[in-house]
Amino acid sequence: MSVLQADPHLRREGGAERPAVDVAVGVLLRPGGGFLLTSRPEGKVYAGYWEFPGGKLEAGESVEHALARELHEELGIGVDPGAVRRWREQLVDYPHALVRLHFCKLHAWRGELQMREGQRFCWQHLPVQVGPVLPGALPVLEWLAEEAR
């Protein structure tokens with residue numbers, strides 16, 4: 001797996017041998033090709049950047065269950081872990097952490113979006129009309145563009 005280096009000009013915390021943090025990420029897709037982006041809340045690294053929603057896996061938790069939990073905690077929507085479809089993985093070397101992103105496509109969920117962490121959301125099409133976009137989300141935009149060709 002290739003490694004995407006975010007902000008290569010910045011020093012890396014923890015050195016070269018730091019372990020990767022596993023993160024489940026949801027690419028929520030609506031009929032017609034729209035996809036959901038959310039902003040990173042104040043107080044978090046890269047606050048204000050736009051990303052696909054998700055979060056860290058807890059010990060012993062599967063990607064599918066972590067994504068369902070995180071989307072409920074952050075967005076207030078219900079997701080059946082059995083409906084989560086793993087799509088792609090990307091290793092991202094951020095200055096603050098090495099992150100293994102497990103991108104999953106979702107076409108179905110229950111409930112209305114509630115921004116429980118004070119974040120913003122928008123439904124987008126390519127090319128996206130918001131910014132800045134979190135470096136780890138950029139490959140997803142490229143993959144969606146490839147699939148649309």
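Guide: Strands here are DSSP runs of E with at least two residues, helices are runs of H or I with at least four residues, and both are numbered from the N terminus. Two strands count as paired if DSSP finds at least two bridges between them. The model is a predicted one, so local features need pLDDT of at least 70 and side-chain atom pairs count only at pLDDT 80 or more, while totals for chains, interfaces and linings use all residues. Residue numbers start from 1 along each chain as its sequence is written, and side-chain values use heavy atoms, leaving out hydrogens and water.

Strand β6, residues 85-93, pairs with strand β7, residues 98-106, in the antiparallel sense over eight bridges. The two form a hairpin, with four residues between them. Within this pair, glutamine 90 is placed opposite leucine 101 of β7, and glutamate 89 has histidine 102 in β7 as its bridge partner. β6 also pairs with β1: the two run parallel and are joined by three bridges. There, valine 3 has leucine 91 of β6 as its bridge partner.

The whole sheet is open and has five strands in the order β1-β6-β7-β2-β5, with mixed pairing. The edges are β1 (3-5) and β5 (54-56); each has a single partner strand, so one side of each has no neighbour in the sheet. From one strand to the next the twist averages 30°. Angles of this kind lie between N-to-C directions and run from 0 to 180 degrees, with axes fitted as lines to C-alpha atoms, for helices over the stretch in contact.

Helix α1, residues 63-75, lies across β2 (20-28), β5, β6 and β7, and runs at about 120° to β5. Helix α2, residues 138-148, packs on the sheet and touches β1, β2, β6 and β7, its direction making about 140° with that of β6.

Charged pairs come next. A salt bridge is a side-chain nitrogen of Lys or Arg within 4 Å of a carboxyl oxygen of Asp or Glu, and the count by this rule is 11. One of them joins glutamate 61 to arginine 69, with the closest N and O atoms 2.8 Å apart. Buried means under 20% relative accessible area, exposed over 50%, and partly exposed in between, using a 1.4 Å probe and protein chains only. Glutamate 61 is buried at 18%, and arginine 69 is also buried, at 17%. Through shared partners, salt bridges join Glu58, Glu61, Arg69, Glu70 and Glu73 into one network.

Another salt bridge pairs arginine 40 with glutamate 51, the closest N and O atoms being 3.1 Å apart. Arginine 40 is in the loop between β3 (35-39) and β4 (50-51), and glutamate 51 is in strand β4, 11 residues apart. Arginine 40 is buried at 18%, as is glutamate 51 at 12%. Lysine 44 and glutamate 117 also meet in a salt bridge, at 3.4 Å from N to O. Lysine 44 is in the loop between β3 and β4, glutamate 117 in the loop between β7 and β8 (121-124), and the two are 73 residues apart. Lysine 44 is partly exposed at 37%, and glutamate 117 is partly exposed at 34%.

Conventions
Contact = heavy atoms within 4.5 Å.
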